[in-house]
Amino acid sequence: MSEAKRTGQAGDSPAWQVTAELLARYDRPGPRYTSYPTAVEFHTGVDAATYERTLARADEAGDEPLSMYVHLPFCDERCWFCGCNVIISPDKQRALPYLDLLRAETELLAARLPRRRHLAQLHLGGGTPTYFAPDRLVAWLRDLFQAFQPLPGAELAVEVDPRVTSEEHLSALASVGFNRVSLGVQDFSPEVQCAIHRIQTVEQTAHLVEHARGLGFSGINIDLIYGLPHQTPETFARTVDTVAEIGADRSAVYSFAHVPWMHAHMKRLPADALPTRDTKFALFAAARERFLAAGYSPIGMDHFARPDDELAVARRDGRLMRNFQGYSVVPVEDVVGLGISAIGDIAGAYVQNFKKLSRYREAVGERRLPVERGIVLSDDDRLRRAVIRELMCNFSVDIEALERAFGIRFADTFATELGLLAEHQREGMVEVTPGRIRATALGELFVRNLAMCFDRYLREKDGGAKPVFSRTV
């Protein structure tokens, strides 16, 4: 019996049905579908002039609220597993001019969206947003909120590193309306933490969760990663149990994307200690088992939430959404991005800022929108995005609703894709009827593979090209 099968859940659990042979066939490079088309399709033909036109179209929507993502890229030191766009600088003073650059970009954006100045959602990502001192961070946020005002009850979220985040940070953020917090943990095992260069105690994390709860933060999330060096199903299960004991409302359990050809620092990881494919699946199976045993509900492909959490409620109601902030219940289509490498999704286009701080600084200093690349979505892109989004969020596609919304006949438009799905149907991954596509319990574990059937760009790629995606297992 394979290791993955031994580690699966008892009874008729979908994890118990997974064999080593099935894993071998389904383990392939594939997108996580944070967006469709994926960032791999972005190109430099989308520039500042394109963004100008896009923002003009977006402003025609009047006072429709926005979602906003702000990238704060600085960290004191590098974690060796990290795939984010970060700037390592122990000298905090050197980073302060970045906040002024954000202020300048905010002015550029506000001038082009005179009628759309309200936020339904704001997410501060990194890097480490709490790298900045509380007073500096809040002073910048007050300036941001002068230009873009949060609506009453808006979701204001921040990613934090418990090693560098103080009570004062959370209190300061709460004072300007922040109500969601996501804590990076990855794994509580000392051996794993040493291997990934991120030493973090349970006590640090639990204390910060307790303080956030006292300040009124809800939807408190803890991020975990499986597939890291030295992880075993037994040790990772203990980490999950600890997360539940700490009292997190949610947890994201991400698959580690080991892509040293893209991030050279990942070469520092002990490659011989990375889990095998079967062990990696067993890690997720163990996490899933422990979260379900603790009363959490599965959300999308890799999240878990307590049954009364708004994500779990939205999942049961079939209205879960997903954007560059992750899984969401906020029904806002347009997302604007601020800061280096930030991605916006607005008025039918994705736009991404310059990744290099020098180029971003130059553009903003010249009063230009700092756009490096992007893509304008075609009608076909929008249709496929809708299908993929429904699969990734709700594991189900209402065919008749899509036909009404897009004026198509699904069976004709997606004849090739339905043929690809038929192969997965024979594996017991998906059920297809004239009115609906629905992933089975087994198929939910491999929903990325199901979504890939509808990815025209991926299908047209040269199979011998250099890999750009992490593997699906």
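Biologist: Where is Arg367 found?

Modeller: This is a predicted model. In it, Arg367 sits in the loop between helix H12 (357-365) and strand S16 (371-376).

Biologist: Why is Arg367 called partly exposed?

Modeller: Its relative accessible area is 44%. Buried means under 20%, and exposed means over 50%. Arg367 has 44%, which lies in between, so Arg367 counts as partly exposed.

Biologist: What is the phi of Arg367?

Modeller: Phi of Arg367 is near 60°. That is a positive value, and the residue is not glycine.

Biologist: Which value does phi take at Ala347?

Modeller: Phi is near 50° there. Again the value is positive in a residue other than glycine. Ala347 lies in the loop between strand S14 (343-346) and strand S15 (349-353).

Biologist: What makes Ala347 partly exposed?

Modeller: The relative accessible area of Ala347 is 21%. Buried would need a value under 20%. Exposed would need one over 50%.

Biologist: What is the peptide bond from Tyr36 to Pro37, cis or trans?

Modeller: It is cis, with omega near -5°. Pro37 belongs to the loop between helix H2 (20-26) and helix H3 (48-59).

Biologist: What is omega for the cis bond between Gly126 and Gly127?

Modeller: Omega is about 10° for that bond. Gly127 is in the loop between strand S4 (118-126) and helix H5 (134-147).

Notes:
Residues are numbered from 1 along each chain as its sequence is written. This is a predicted model: local features need pLDDT of at least 70, side-chain atom pairs count only at pLDDT 80 or more; totals for chains, interfaces and linings use all residues. Side-chain values use heavy atoms; hydrogens and water are left out. Helices (H or I, at least four residues) and strands (E, at least two) are DSSP runs, numbered from the N terminus. Buried means under 20% relative accessible area, exposed over 50%, partly exposed in between (1.4 Å probe, protein chains only).
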